[in-house]
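Thanks for coming. I have one structure to go through today, and I will keep it short.

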Amino acid sequence: MTPPQFSMYSPGSGESGREVDAVFGAGRGDDPGFRASITSGTVLGRMRTMMLVLLTAPVLIAAITPLIVRDGQGRLGAAPWWCYLPVAAGALLAVLVGPRVPRPMAPGQEPAQAVQSAMVAFRQAVLQRFALAEAVILIGLPLAMVAHSETVFAVAFVLGYPLLFWLVLPTTGTIERIRLRLEAAGAESHLWAGLLAPAPARSASSGG
(Lines give C-alpha, C1' and ligand atoms only; values in the text may rest on other atoms or scores of the structure.)
Protein backbone atom coordinates (compact mmCIF):
# COMPACT_ATOMS: atom_id res chain seq x y z
CA MET A 1 0.00 0.00 0.00
CA THR A 2 1.48 3.31 -1.03
CA PRO A 3 1.96 5.90 1.70
CA PRO A 4 0.03 9.20 1.61
CA GLN A 5 1.53 11.87 -0.60
CA PHE A 6 2.41 15.23 0.85
CA SER A 7 2.27 18.63 -0.75
CA MET A 8 2.64 22.19 0.40
CA TYR A 9 -0.18 24.70 0.32
CA SER A 10 -0.95 28.07 1.78
CA PRO A 11 -4.55 28.29 2.97
CA GLY A 12 -4.99 31.95 2.20
CA SER A 13 -5.23 35.17 4.13
CA GLY A 14 -6.33 33.39 7.31
CA GLU A 15 -2.98 31.57 7.44
CA SER A 16 -0.82 34.20 5.77
CA GLY A 17 2.83 33.25 5.76
CA ARG A 18 2.18 29.69 7.01
CA GLU A 19 2.29 26.41 5.14
CA VAL A 20 1.20 22.92 6.12
CA ASP A 21 1.71 19.46 4.66
CA ALA A 22 -1.58 18.39 3.08
CA VAL A 23 -2.06 14.65 3.57
CA PHE A 24 -3.39 13.64 0.16
CA GLY A 25 -5.33 10.43 0.28
CA ALA A 26 -6.78 11.13 3.73
CA GLY A 27 -10.52 10.77 4.11
CA ARG A 28 -13.36 10.55 6.56
CA GLY A 29 -12.08 7.27 7.96
CA ASP A 30 -8.84 8.94 9.03
CA ASP A 31 -10.62 11.31 11.42
CA PRO A 32 -9.46 10.13 14.87
CA GLY A 33 -12.65 11.39 16.47
CA PHE A 34 -13.63 14.73 17.97
CA ARG A 35 -11.94 14.35 21.34
CA ALA A 36 -8.80 12.68 20.03
CA SER A 37 -8.34 15.22 17.25
CA ILE A 38 -8.15 18.10 19.74
CA THR A 39 -4.78 16.83 20.96
CA SER A 40 -3.63 15.52 17.58
CA GLY A 41 -1.88 18.72 16.51
CA THR A 42 -3.78 18.90 13.22
CA VAL A 43 -5.53 21.78 11.50
CA LEU A 44 -8.82 20.03 12.30
CA GLY A 45 -7.93 19.71 15.97
CA ARG A 46 -7.09 23.39 16.23
CA MET A 47 -10.32 24.34 14.48
CA ARG A 48 -12.42 22.11 16.73
CA THR A 49 -10.80 23.62 19.81
CA MET A 50 -11.53 27.13 18.55
CA MET A 51 -15.18 26.28 17.89
CA LEU A 52 -15.62 24.79 21.36
CA VAL A 53 -14.35 28.05 22.83
CA LEU A 54 -16.72 30.07 20.65
CA LEU A 55 -19.64 27.91 21.74
CA THR A 56 -19.18 29.10 25.32
CA ALA A 57 -19.95 32.72 24.41
CA PRO A 58 -23.75 32.30 24.09
CA VAL A 59 -23.80 30.46 27.42
CA LEU A 60 -22.03 33.38 29.09
CA ILE A 61 -24.50 35.80 27.54
CA ALA A 62 -27.36 33.68 28.85
CA ALA A 63 -25.82 33.75 32.31
CA ILE A 64 -25.69 37.56 32.48
CA THR A 65 -29.05 38.16 30.80
CA PRO A 66 -30.93 38.33 34.14
CA LEU A 67 -28.57 41.13 35.15
CA ILE A 68 -29.22 43.10 31.98
CA VAL A 69 -32.92 42.63 31.32
CA ARG A 70 -35.27 44.45 33.66
CA ASP A 71 -38.45 42.42 33.64
CA GLY A 72 -41.84 44.05 33.64
CA GLN A 73 -44.70 42.00 35.02
CA GLY A 74 -43.39 39.14 37.09
CA ARG A 75 -40.14 37.23 36.81
CA LEU A 76 -40.31 36.65 33.06
CA GLY A 77 -42.23 39.76 32.09
CA ALA A 78 -44.92 39.94 29.44
CA ALA A 79 -43.46 40.34 25.95
CA PRO A 80 -45.72 41.26 23.02
CA TRP A 81 -46.03 38.55 20.37
CA TRP A 82 -44.23 40.56 17.71
CA CYS A 83 -40.97 40.40 19.68
CA TYR A 84 -40.68 36.74 18.74
CA LEU A 85 -41.02 37.33 14.99
CA PRO A 86 -37.40 38.47 14.38
CA VAL A 87 -36.15 35.49 16.37
CA ALA A 88 -38.25 33.05 14.37
CA ALA A 89 -37.25 34.73 11.11
CA GLY A 90 -33.58 34.50 12.02
CA ALA A 91 -33.87 30.83 12.89
CA LEU A 92 -35.69 30.11 9.63
CA LEU A 93 -33.02 31.98 7.67
CA ALA A 94 -30.25 29.98 9.36
CA VAL A 95 -32.03 26.68 8.64
CA LEU A 96 -32.59 27.54 4.98
CA VAL A 97 -29.30 29.26 4.15
CA GLY A 98 -26.79 27.58 6.47
CA PRO A 99 -26.81 24.09 4.86
CA ARG A 100 -26.35 25.70 1.43
CA VAL A 101 -23.02 27.23 2.39
CA PRO A 102 -20.42 26.94 0.84
CA ARG A 103 -20.88 27.07 -2.91
CA PRO A 104 -19.48 24.23 -5.03
CA MET A 105 -15.86 24.49 -6.13
CA ALA A 106 -14.91 24.83 -9.76
CA PRO A 107 -13.63 21.50 -11.14
CA GLY A 108 -10.30 21.01 -12.87
CA GLN A 109 -7.95 22.43 -10.24
CA GLU A 110 -4.63 20.85 -9.46
CA PRO A 111 -4.61 18.99 -6.11
CA ALA A 112 -2.47 21.61 -4.35
CA GLN A 113 -4.69 24.43 -5.57
CA ALA A 114 -7.85 22.44 -4.82
CA VAL A 115 -6.93 21.83 -1.19
CA GLN A 116 -6.09 25.51 -0.80
CA SER A 117 -9.43 26.54 -2.26
CA ALA A 118 -11.26 23.95 -0.17
CA MET A 119 -9.69 25.10 3.09
CA VAL A 120 -10.49 28.75 2.41
CA ALA A 121 -14.06 27.85 1.46
CA PHE A 122 -14.40 25.64 4.53
CA ARG A 123 -13.28 28.37 6.91
CA GLN A 124 -15.55 30.91 5.27
CA ALA A 125 -18.47 28.49 5.42
CA VAL A 126 -17.93 27.83 9.13
CA LEU A 127 -17.79 31.57 9.87
CA GLN A 128 -20.88 32.31 7.78
CA ARG A 129 -22.83 29.51 9.42
CA PHE A 130 -21.67 30.69 12.83
CA ALA A 131 -22.86 34.22 12.08
CA LEU A 132 -26.28 32.96 11.00
CA ALA A 133 -26.78 30.80 14.08
CA GLU A 134 -25.27 33.31 16.52
CA ALA A 135 -27.50 36.07 15.15
CA VAL A 136 -30.56 34.13 16.27
CA ILE A 137 -29.30 34.26 19.85
CA LEU A 138 -27.92 37.78 19.82
CA ILE A 139 -31.06 39.34 18.41
CA GLY A 140 -32.94 38.00 21.41
CA LEU A 141 -31.01 40.16 23.89
CA PRO A 142 -32.02 43.64 22.67
CA LEU A 143 -35.55 42.39 22.04
CA ALA A 144 -35.67 41.09 25.61
CA MET A 145 -34.48 44.46 26.89
CA VAL A 146 -37.10 46.31 24.86
CA ALA A 147 -39.88 43.94 25.90
CA HIS A 148 -38.67 43.70 29.52
CA SER A 149 -38.88 39.92 29.32
CA GLU A 150 -36.23 37.26 29.74
CA THR A 151 -38.54 34.86 27.91
CA VAL A 152 -37.65 36.45 24.59
CA PHE A 153 -33.97 35.72 25.04
CA ALA A 154 -34.74 32.25 26.36
CA VAL A 155 -36.66 31.45 23.18
CA ALA A 156 -33.85 32.88 21.05
CA PHE A 157 -31.29 30.77 22.92
CA VAL A 158 -33.35 27.58 22.62
CA LEU A 159 -33.72 28.12 18.87
CA GLY A 160 -30.22 29.36 18.11
CA TYR A 161 -27.89 27.30 20.27
CA PRO A 162 -28.76 23.91 18.73
CA LEU A 163 -28.14 25.48 15.31
CA LEU A 164 -24.54 26.14 16.33
CA PHE A 165 -24.03 22.43 16.91
CA TRP A 166 -25.88 21.38 13.76
CA LEU A 167 -24.41 23.91 11.33
CA VAL A 168 -21.07 24.94 12.79
CA LEU A 169 -19.41 22.41 15.08
CA PRO A 170 -16.93 20.58 12.80
CA THR A 171 -17.99 17.04 13.54
CA THR A 172 -17.23 14.33 11.01
CA GLY A 173 -20.77 14.53 9.67
CA THR A 174 -20.69 18.31 9.28
CA ILE A 175 -17.35 18.17 7.48
CA GLU A 176 -18.65 15.50 5.13
CA ARG A 177 -21.73 17.55 4.30
CA ILE A 178 -19.54 20.56 3.53
CA ARG A 179 -17.21 18.40 1.43
CA LEU A 180 -20.15 17.14 -0.60
CA ARG A 181 -21.24 20.72 -1.16
CA LEU A 182 -17.76 21.66 -2.35
CA GLU A 183 -17.65 18.71 -4.74
CA ALA A 184 -21.22 19.06 -6.04
CA ALA A 185 -20.01 20.41 -9.40
CA GLY A 186 -17.57 17.56 -9.96
CA ALA A 187 -14.48 18.98 -8.27
CA GLU A 188 -12.25 16.96 -5.96
CA SER A 189 -11.75 19.16 -2.92
CA HIS A 190 -9.16 17.14 -0.95
CA LEU A 191 -10.75 18.78 2.09
CA TRP A 192 -9.71 16.04 4.50
CA ALA A 193 -6.14 16.31 3.20
CA GLY A 194 -5.99 19.87 4.46
CA LEU A 195 -7.89 19.34 7.70
CA LEU A 196 -5.80 16.36 8.81
CA ALA A 197 -2.51 18.10 8.02
CA PRO A 198 -0.28 19.15 10.92
CA ALA A 199 -1.28 22.58 12.16
CA PRO A 200 1.25 25.27 11.26
CA ALA A 201 3.32 26.42 14.20
CA ARG A 202 2.46 29.75 15.72
CA SER A 203 5.60 31.82 15.52
CA ALA A 204 6.68 35.45 15.69
CA SER A 205 7.71 35.27 12.02
CA SER A 206 4.02 35.01 11.01
CA GLY A 207 3.46 38.50 12.29
CA GLY A 208 5.92 40.05 9.88
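Some housekeeping. This is a predicted model, where local features need pLDDT of at least 70 and side-chain atom pairs count only at pLDDT 80 or more, while totals for chains, interfaces and linings use all residues. Residues are numbered from 1 along each chain as its sequence is written, and side-chain values use heavy atoms, with hydrogens and water left out.

How many aromatic pairs does the structure hold? There are 3. Rings of Phe, Tyr and Trp (its six-membered ring) pair if their centres lie within 6.5 Å; planes under 30 degrees apart count as stacked, over 60 as edge-to-face, and the rest as tilted. Helices here are DSSP runs (H or I, at least four residues), numbered from the N terminus. As a reminder, an α-helix has 3.6 residues a turn, so residues three or four places apart point the same way.

Phe-153 is buried, with a relative accessible area of 4%. Buried means under 20%, exposed over 50%, and partly exposed in between, using a 1.4 Å probe and protein chains only.

Tyr-161 and Phe-165 make an edge-to-face pair, 5.2 Å centre to centre with 75 degrees between the planes. Both are in helix α7, again 4 residues apart. Tyr-161 is buried at 17%, whereas Phe-165 is partly exposed at 37%. Phe-153, Phe-157, Tyr-161 and Phe-165 form one aromatic cluster.

Also in helix α7 is Ala-154, partly exposed at 38%.

Now the surface. Leu-92, Leu-93, Val-95, Leu-96, Val-97 and Trp-166 make a nonpolar patch of about 510 Å². Areas come from the Shrake-Rupley method with a 1.4 Å probe. Helix α4, residues 84-97, gives the most, with 5 residues. Val-95, in helix α4, is partly exposed at 36%.

Last, helix α8, residues 172-182. Its buried residues include Thr-174, Ile-178 and Leu-182. What covers the buried residues of α8 includes α2, α5, α7 and α9.

Note on methods. Helix = DSSP H or I, 4+ residues; strand = E, 2+ residues; numbered from the N terminus. Patch = residues over 30% accessible without salt bridge, like charges linked within 9 Å, V, L, I, M, F, W, Y side chains within 5 Å. Salt bridge = Lys/Arg side-chain N within 4 Å of Asp/Glu carboxyl O. Contact = heavy atoms within 4.5 Å.
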